[in-house]
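I opened my notebook for a new protein today. Here is what I looked up, step by step.

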Amino acid sequence: MTFRENANLKNSQVRRGGSGGRRAGGGTVAAGSGLLGVVVTVIYILMGGNISDLSGGGGTTGASTNYNSEYVSAADSAGEDDFAECRTGADANANVDCRMVGTVISVQDYWERAFSDYEPAETVIFTGATSTGCGDATSAVGPFYCPIDSTIYLDTAFFEQLEQLGSDGGSLSQMYVVAHEYGHHIQNLTGVLSRYGGGSQGDGSNAVRVELQADCFAGAWVGNAATTQDIDGNTLLEPITQRQVESALSAAEAVGDDSIQSQSGSRINPDLWTHGSAAQREHWFTVGYESGNPNTCDTFSVSADQLDG
Ligand SMILES: [Zn+2]
């Protein structure tokens, strides 16, 4: 999507991450994991599959990833000046970091009005590796949401990988990624993650349903994005075009489990799906986009067949 040139990018809650997280005091007691000093937790990533097959990196994979949480969140609360260069919508149109800043403003403005119990969540942009409330993470994980510190983590280098996977690289293909992760934040606030998160894999599994709902929430934001406002109460984005919607769909298709399996040279095996097929992800994004209503995103009450649309 295109930002209105003069939109104000202040107050975005995006900060830069680093690997300098404060070390947790010794004896962090295990949360039922049975391992002293280790908190086993689940993070919510954008896509499954074996990312390292594609990047050549040593990626961690799967719907959920267990982290040894030796560090607590690197909440340096620097924040405000981290993206001082991102002042206006024109900056967001020209620069990927500023586009993330603007997207976070828009997504949160939408949810503030759509969901009365909304609580803001920060996004951390990092390069290479960062400390998080869910443990240390590298870029190989891909973009993710950590429910423990309610924070989204993103290395924008991922967008190159997204294009390799078949996304068209348009602005909304990138913004969709941010909106998907905020979808997981909504699920954290509604209790969906504690009820259905971290479960089994496979076509029709709760893991897949969680991911498809996050795609639907991303679509609901896209359907309403043109009405979102900056801190001055002015419109943040230009009206969406059909071309831009197709850009988001190209990203949803690229991160489908079947797309990733075939890209990485694996056999297509629905039993290993964690995020849903390309068709399912496009379908649920479209449900949210066309209705503009997150209440249509109930991926848990439909049969497995109906997940295909
Ligand atoms: Zn996800």
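**Overall picture**

I began with burial: of the 309 residues in the protein, 52% are buried (under 20% relative accessible area, with exposed over 50% and partly exposed in between, using a 1.4 Å probe and protein chains only). I noted that this is a predicted model, where local features need pLDDT of at least 70, side-chain atom pairs count only at pLDDT 80 or more, and totals for chains, interfaces and linings use all residues. Residues are numbered from 1 along each chain as its sequence is written, and side-chain values use heavy atoms, with hydrogens and water left out.

Next I looked up the secondary structure, which has 10 helices and 7 strands (DSSP runs numbered from the N terminus: helices are H or I with at least four residues, strands E with at least two).

**The zinc site**

Which atoms coordinate the zinc ion? I found Ile45 (O), His180 (NE2), His184 (NE2) and Glu211 (OE), at 2.0 to 2.5 Å. Donors here are N, O and S atoms within 2.8 Å of the metal (3.2 Å for Na, K and Ca); water is not among the atoms, so sites may look incomplete. Along the chain, the donors follow the spacing I-x134-H-x3-H-x26-E. His184 sits in helix H5 (residues 171-190) and Glu211 in helix H7 (residues 206-224), 27 residues apart, so I noted that this pair links distant parts of the chain. I also checked burial here: both His184 and Glu211 are buried.
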